[in-house]
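Work through the exercises below with the sequence and the model at hand. Each task is followed by its solution.

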Amino acid sequence: MILKIDNTETDPEEREISFELDYLLSLTTKERFEMMIQKSNEIKKSLIRNGHRKPFEIIKREF
C-alpha cells in the first residue's frame, strides 16, 4: 500500500499515522510477527555492520 499526501493538507502526520494503523490492522497476527522479526533482524544486521555489537564475555564467579 502507498499513501499519497497532498502538500496542501493541514495535518499530514495524522493522516500518515491513520494509514499506518489501518495497514497494520489489516494484517494477520502471523504476518505482524513475521514483519516484526524481519525488522528486528534488519536492525541487528545494521548494528553489526556499524560495529555496535558487544562481544561475548565469559565471567568467572566464585561463591
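**Exercise 1.** Is lysine 39 buried, partly exposed or exposed?

Solution. The model is a predicted one. The relative accessible area of lysine 39 is 46%. Buried requires under 20% and exposed over 50%. Lysine 39 is therefore partly exposed.

**Exercise 2.** Which side chain meets that of lysine 39 in a salt bridge, and at what N to O distance?

Solution. Start with the rule: a side-chain nitrogen of Lys or Arg must lie within 4 Å of a carboxyl oxygen of Asp or Glu. The side chain of glutamate 42 meets that of lysine 39 at 3.9 Å, N to O. Finally, glutamate 42 has 39% relative accessibility, so glutamate 42 counts as partly exposed.

**Exercise 3.** Which residues make the nonpolar surface patch of about 310 Å²?

Solution. The patch is made by Phe33, Met36 and Ile37. Take methionine 36: this residue belongs to helix H2, which covers residues 29–49. Its relative accessibility is 48%. Patch residues need over 30%, and methionine 36, at 48%, counts as partly exposed.

**Exercise 4.** What separation do the C-alpha atoms of leucine 21 and methionine 36 have?

Solution. Locate leucine 21 in helix H1, residues 12–26. Along the chain, leucine 21 and methionine 36 are 15 residues apart, and their C-alpha atoms are separated by 15 Å. Leucine 21 has a relative accessible area of 48%, so leucine 21 is partly exposed.

How values were computed
Residues numbered from 1 in each chain as written. Predicted model: local features only at pLDDT ≥ 70, side-chain atom pairs only at ≥ 80, totals over all residues. Heavy atoms only, no water. Helix = DSSP H or I, 4+ residues; strand = E, 2+ residues; numbered from the N terminus. Buried < 20%, exposed > 50% of the residue type's maximum accessible area, 1.4 Å probe, protein only. Patch = residues over 30% accessible without salt bridge, like charges linked within 9 Å, V, L, I, M, F, W, Y side chains within 5 Å. Areas by Shrake-Rupley, 256 points an atom, 1.4 Å probe, with all protein chains shown as cover.
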